[in-house]
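Q: I would like to learn how to read a model of protein with DNA. Where do we start?

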Number of protein chains: 2
Amino acid sequence: MAEQVDTLRRAPLSRDRVLRAAVALADETGIESLSMRNLANELGVVPMALYKHVANKDELLAGMIDVIVGEIDPLETDADWKRAVRRRILSAREALLRHPWAPLAIESRNEATPAILDYLNSMVGALRGGGFSTDLAHHVMHAMGSRMLGFSQELFDPTRRAGRSGAAEPPPPPAAFPAEAAAAFPHLAAIAGAAAHDDESVVGPGCDDQFEFEFALDLLLDGIDRLRADGWTSRP
Amino acid sequence: MAEQVDTLRRAPLSRDRVLRAAVALADETGIESLSMRNLANELGVVPMALYKHVANKDELLAGMIDVIVGEIDPLETDADWKRAVRRRILSAREALLRHPWAPLAIESRNEATPAILDYLNSMVGALRGGGFSTDLAHHVMHAMGSRMLGFSQELFDPTRRAGRSGAAEPPPPPAAFPAEAAAAFPHLAAIAGAAAHDDESVVGPGCDDQFEFEFALDLLLDGIDRLRADGWTSRP
DNA sequence: ACGGTAGGTGTACGGCGTACACCTGTCAAG
DNA sequence: CTTGACAGGTGTACGCCGTACACCTACCGT
């Protein structure tokens with residue numbers, strides 16, 4: 001009878017509920033500890049029940065990615081191409097910052113999901129509408145690369161990646177440059193912060209990731225705009 | 001006795017031999033099917049024997065990455081910064097093209113390996129030597145992002161990724177744009193090839209990845225050079 | 001002669017994705 | 001009102017994974 005109550009009380013599963021629960025679980029505990037068993041447990045269900053709603057784990061991941069891509073603001077059509085593209089890319093970045101596991105999940109798939117293709121397609125459309133030739137638009141898409149999807153690399157600041165939104169974030173407080181490494185890689189140390197002016201803690205304030213992202217984005221957009229304005233036509 | 005012969009005949013294991021075998025195996029069968037068991041089997045050894053030479057699988061992966069990074073040509077010191085950086089990045093790209101699993105392996109680690117830090121450190125050194133301020137060098141490193149390590153994104157051309165250097169490469173021949181997708185994503189289809197002029201095979205010649213990589217690289221390097229020449233100092 | 005040690009072995013455990021047979025509640029057709 | 005198909009949750013089981021731990025063995029310096 002208790003079983004009946006449990007069964008009845010719990011909202012019925014659905015593909016959508018499975019995907020949302022998976023995204024939430026990955027946000028909380030990191031993608032590497034998202035298993036079919038954990039997810040099923042979270043939903044109060046037996047692992048195999050999930051397979052009635054997703055074909056396998058790979059398809060689950062694809063669905064999760066599409067949930068995130070769905071959070072990206074649609075393209076504005078009234079503004080000029082540069083403004084519209086810039087805003088949309090920053091919106092994509094915001095979406096991905098909410099789900100730190102997403103970049104890796106996207107990159108480790110070998111097939112783009114429909115939602116991603118749709119996103120990229122509309123981006124090309126914005127470029128074409130802004131006067132870009134098919135060829136130039138093509139090269140621009142490659143040049144923007146993953147930046148188009150809102151993520152740059154955080155090579156220096158390898159926090160995050162896992163999620164763990166919970167309690168203590170700074171157990172390895174800045175942790176990035178442990179002073180022995182500073183000696184071995186002086187240029188990186190200099191870059192990692194104001195450094196050196198204080199021989200106690202070598203670690204500076206780290207980087208302003210948002211600034212770095214926009215710096216690179218604008219560098220690319222300005223260079224791209226120059227090509228377009230110069231009437232770039234074919235491989236020079 | 002046969003066991004003795006086997007034991008004696010086989011070259012003794014070493015960390016180096018383990019790492020090289022792992023790289024070779026990943027090249028051949030793809031990183032996702034590289035397991036401690038497979039690798040041990042390849043070396044004619046029992047799985048646990050590997051743990052006398054690498055601490056665990058994560059450290060194995062780190063070692064494999066360092067093997068690849070070690071294949072990158074050293075930085076030339078005589079040439080001007082732009083030329084030196086460009087050549088080195090293209091050398092990094094060549095190294096990574098030989099090991100298609102490497103980008104994902106690098107990105108999925110949460111700590112950079114010493115060899116990668118060394119590589120990046122020397123790259124910053126080249127910039128500083130070329131007259132870049134610490135700040136500008138910092139931003140430039142972020143702007144170059146993963147391109148610094150020689151890989152761009154192959155979002156449109158999701159072949160590779162696995163390796164399988166063996167026999168038939170074109171079982172899914174071009175496979176990229178299956179004509180139904182072309183209707184849904186017309187801009188991408190236009191970009192993916194000459195397209196449309198022939199209603200039979202929608203797929204064009206695909207992209208020249210090397211050209212795309214250098215296009216983006218030079219776009220960035222030129223933009224960066226302009227900033228440097230303009231005496232870029234701080235956040236504008 | 002002998003103890004230490006480096007390096008290969010065997011067994012075992014817990015976790016993973018998922019194939020497959022099964023049960024159960026719902027609902028439309030007869 | 002019966003029936004039977006079907007959607008959806010269950011239970012068991014298999015083969016793979018990384019790796020802890022105890023062991024054995026050949027070699028080496030003393």
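**Reading the DNA contacts**

A: Of the atoms of DNA strand D that lie within 4 Å of the protein, 50% belong to sugar or phosphate and the rest to bases. This is a predicted model, in which local features need pLDDT of at least 70, side-chain atom pairs count only at pLDDT 80 or more, and totals for chains, interfaces and linings use all residues. Residues are numbered from 1 along each chain as its sequence is written, chains are lettered from A and ligands numbered from 1 in the order in which they are written, and side-chain values use heavy atoms, with hydrogens and water left out.

Q: How many residues surround DNA strand D, and which are the closest?

A: A residue is near a strand if one of its heavy atoms lies within 4 Å of it. For DNA strand D there are 17 such residues, and the closest are A:M48, A:K52, A:H53, B:R37 and B:K57. Helix 3 (residues 36-42) of chain B gives the most to this surface, with three residues. Helices are DSSP runs (H or I, at least four residues) and strands likewise (E, at least two), numbered from the N terminus.

Q: Which polar side-chain atom lies 2.8 Å from a phosphate oxygen of DNA strand D?

A: A polar contact is a pair of N or O atoms within 3.5 Å; within protein, one must be able to donate a hydrogen and the other to accept it, and residues adjacent in sequence count only if both atoms are side-chain atoms. Here the polar atom belongs to A:H53. A:K52 reaches a base instead: an N or O atom of its side chain is 2.6 Å from a base oxygen of DNA strand D.

Q: What surrounds DNA strand C?

A: 16 residues do, the closest being A:R37, A:Y51, A:K57, B:K52 and B:H53. Polar backbone atoms meet phosphate oxygens of DNA strand C at A:K57, 2.8 Å away, at A:M36, 2.9 Å away, and at B:V46, 3.1 Å away.

Q: How are chain A and chain B related?

A: Copies are superposed by least squares on the C-alpha atoms of residues with pLDDT of at least 70 in both. A rotation of 180° with 0.0 Å of shift along its axis places chain A on chain B, with an RMSD of 0.0 Å. The two copies are thus related as by a two-fold rotation axis. Of the interface residues of chain A, 98% are also interface residues in chain B, so the copies meet through the same surface.

Q: What is the secondary structure of chain A, and how much of the chain is buried?

A: Chain A has eleven helices and zero strands. Buried means under 20% relative accessible area, exposed over 50%, and partly exposed in between (1.4 Å probe, protein chains only). By that rule 45% of the 236 residues of chain A count as buried.

Q: Which residues is A:M64 in contact with, leaving aside its neighbours within four places in sequence?

A: Contact means heavy atoms within 4.5 Å. The partners of A:M64 are A:L19, A:A22, A:V23, A:A26, A:I31, A:L34 and A:W101.
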